Amino acid sequence: MTESPERRRVAIACQGGGSHTAFTAGVLSRCFESDVLADYEIVGLSGSSGAAVCALVAWSTLVRDIPEQATALLKRFWSATSTSMPVERALNTMMLWGSRVAEQFGAASISPYDSFLSAWSTEHLRSMVRSVIDFDGLSELATQPGAPLLLLGAVDMVSGESSTFNSRSGEINVDAVLQAAAIPSLMRAATQRTAYVDGLVAQNPPVRSLLDAIPDEIWVIQVNPTSIDYEPSSVAEITTRRSELASNLALLQEISSIEIFDELIARGELKSERVRPVTIRLLEMQRPPSSVRWSHNSKLDRDPRFIRELIELGREQAEDFLAATRFEAAWQARDADQMLEHVAHDCTVSVDLPGWQQKQTRDADVVERFFTVELPSRVTIDLTRKRSYRRSVIWDVRVPGPDAFGRGTAEVTIQDGLIIDFKLR
């Protein structure tokens, strides 16, 4: 394993969501490129449902010390997953329409235990995973000192107990992947002894357990939106939103628990060699318009055009995510020159704080002074709160208040790697 103490230690948690996790493949493929790995050491990954496979594929390249192959292997898996033959595409469309009809009119659904397609789907997934991952010797490499951690989340449908398959315990094999990826409405539980299925509402994905990898940062790839821009009214919209909220519940709770520890450490109320502050970065998929047609059923869509669109979207958002982290590093270091390198020439800024008002402007002198003097000297990032990345980047910050520094929000829009708008509120 290549070691570099200068690099930030990062663990990546990948939320499950069926075909939507092709977005995760795009994000991971960008994060596993050499320029990113020069600055960050990826010390752990976790995943559930479709993201369990993405995390496994990327992790396997780290264990074998071939991270440059992550992009090709992720593309190979999703190419195998996509429909290719006309008959497959027809069946894919029929399944999507059937799900939509059942959603709208309450049509009867077929249990996976009553359908031969369920067993076929399980074995087909097993075959695809084996075609991409060579499991021979993988467990031995995974238990070596310094090896990156992999956690796959699942839940037992009968007992209700969550389970995390841990690479350091030698638990990563094709059966563990199938158990973490089994969608309960489509696939039978993937073991005879227990009824394990994906950890949709229990560990989607495991986050807190990634602290065992001793990361400086945890990057969470989230495919289900935290908030939306409209009030759900149709049956499809309400069903979709309920699914999203259920999938995010455990995730946000785990993140909140880490934030509580970070705040206690920052206040000096928690002192121990076993605990350390961890930066949480939440990269949320900006849902593409092509997914709206099928609502949450688009998670079942294996159309190759849709899959390619999601992978490319993941790469694009990862690029802006990385640009934002570089700007943040310059901001925290109060390096004005580095900060300006990340600002577009026609960037707009605005401030709406008690005692500090600035209407939106792109005046070059005002913008330059804002980034080189006012922002680094008057505003600090709240290190105890997560950073959110979606259409815009949102940092919780400490800002001047009437008596002392209070809380505020910095909302930043990034395009092509440069800041085009900065709002401070």
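In which helix is the place of Ile-311? Ile-311 sits in H10, a helix spanning residues 304-332; helices here are DSSP runs (H or I, at least four residues), numbered from the N terminus. The structure is a predicted model, in which local features need pLDDT of at least 70 and side-chain atom pairs count only at pLDDT 80 or more, while totals for chains, interfaces and linings use all residues. Residues are numbered from 1 along each chain as its sequence is written, and side-chain values use heavy atoms, with hydrogens and water left out.

Ile-311 is buried, at 12% relative accessibility; buried means under 20% relative accessible area, exposed over 50%, and partly exposed in between (1.4 Å probe, protein chains only). Leaving aside residues up to four places away in sequence, Ile-311 is in contact (heavy atoms within 4.5 Å) with Ala-22, Phe-23, Ala-25, Gly-26 and Trp-78. Leu-28 lies 283 residues from Ile-311 in sequence, yet their C-alpha atoms are 9.5 Å apart in space.

Of the eight residues in H8 (174-181), seven are buried, among them Val-174, Leu-178 and Gln-179. Where H8 starts, a side-chain oxygen of Asn-173 comes to within 3.0 Å of the backbone nitrogen of Asp-175.

Turning to the cysteines, the whole structure contains zero disulfides, a disulfide being a pair of cysteine sulfur atoms within 2.5 Å.

Note on methods
Helices (H or I, at least four residues) and strands (E, at least two) are DSSP runs, numbered from the N terminus. A polar contact is a pair of N or O atoms within 3.5 Å; within protein, one must be able to donate a hydrogen and the other to accept it, and residues adjacent in sequence count only if both atoms are side-chain atoms.
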